[in-house]
Amino acid sequence: MSPTVAMILALAVGTYAFRLVGPALHGRVELPPRIQELLSAAAIVLLTALLATGALTEGGGFAGWARPTGVLVGAVLAWRRAPFVVVVLGAAVTAGVLRAVGVA
């Protein structure tokens with residue numbers, strides 16, 4: 001067995017084990033409210049970092065102004081509670097129009 005296949009199998013088993021732990025420990029382990037708040041904040045920070053790197057970078061450099069502007073339009077539409085389809089189309093159309101007129 002190659003090292004790559006072994007690593008993929010190890011990651012698959014670990015991922016499956018994490019998925020089993022949640023239902024198995026539900027109701028048995030009680031986290032303090034402070035830890036629950038910290039975990040909630042950590043999830044928001046990680047999602048924000050993922051959004052920022054996906055919106056602002058491409059190939060290790062700046063992605064240009066069209067993509068972040070599209071993401072910003074999508075975020076504003078989502079904040080205003082627009083339907084999901086409107087959010088996605090608004091972001092895509094904004095980025096597409098900016099790219100069509102020459103904004104990178």
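I'll go through the helices, a surface patch, the salt bridges and an aromatic pair.

A word on the ground rules. This is a predicted model, where local features need pLDDT of at least 70 and side-chain atom pairs count only at pLDDT 80 or more, while totals for chains, interfaces and linings use all residues. Residues are numbered from 1 along each chain as its sequence is written, and side-chain values use heavy atoms, with hydrogens and water left out.

Let's start with helix H1, residues 3-25. Helices here are DSSP runs of H or I with at least four residues, numbered from the N terminus. H1 has 23 residues and spans 32 Å from first C-alpha to last, close to the expected 33 Å; that expectation is 1.5 Å times one less than the number of residues. Just after H1 comes Gly27, with a positive phi of about 85°.

Now the surface. Which residues form the nonpolar patch? They are Val21, Leu25, Val29, Leu31, Ile35, Leu38 and Leu39, with about 560 Å² of accessible area together. Those areas come from the Shrake-Rupley method with a 1.4 Å probe, and for residues only the protein chains shown count as cover. To join a patch like this, a residue needs over 30% relative accessible area and no salt bridge, and nonpolar side chains (Val, Leu, Ile, Met, Phe, Trp, Tyr) are linked within 5 Å. H1 and H2 each supply at least two residues, and H2 gives the most, with three. Val21 lies in H1 and is partly exposed at 41%; buried means under 20% relative accessible area, exposed over 50%, and partly exposed in between, using a 1.4 Å probe and protein chains only.

On to charges. How many salt bridges does a search of the whole structure find? Two, counting a side-chain nitrogen of Lys or Arg within 4 Å of a carboxyl oxygen of Asp or Glu. In one, Glu37 and Arg34 have their closest N and O atoms 3.7 Å apart. Both are exposed, and because they sit three residues apart in helix H2 (residues 33-56), about one helical turn separates them. In the other, Glu58 meets Arg67 at 2.5 Å. Glu58 is partly exposed at 49%, and Arg67 is partly exposed at 22%.

Finally, the rings. There is one aromatic pair. Phe62 and Trp65 have ring centres 5.1 Å apart and planes at 70°, so the pair is edge-to-face. The rule pairs rings of Phe, Tyr and Trp (its six-membered ring) with centres within 6.5 Å; planes under 30 degrees apart are stacked, over 60 edge-to-face, and the rest tilted. Phe62 is partly exposed at 48%, whereas Trp65 is exposed at 58%.

Conventions:
Patch = residues over 30% accessible without salt bridge, like charges linked within 9 Å, V, L, I, M, F, W, Y side chains within 5 Å.
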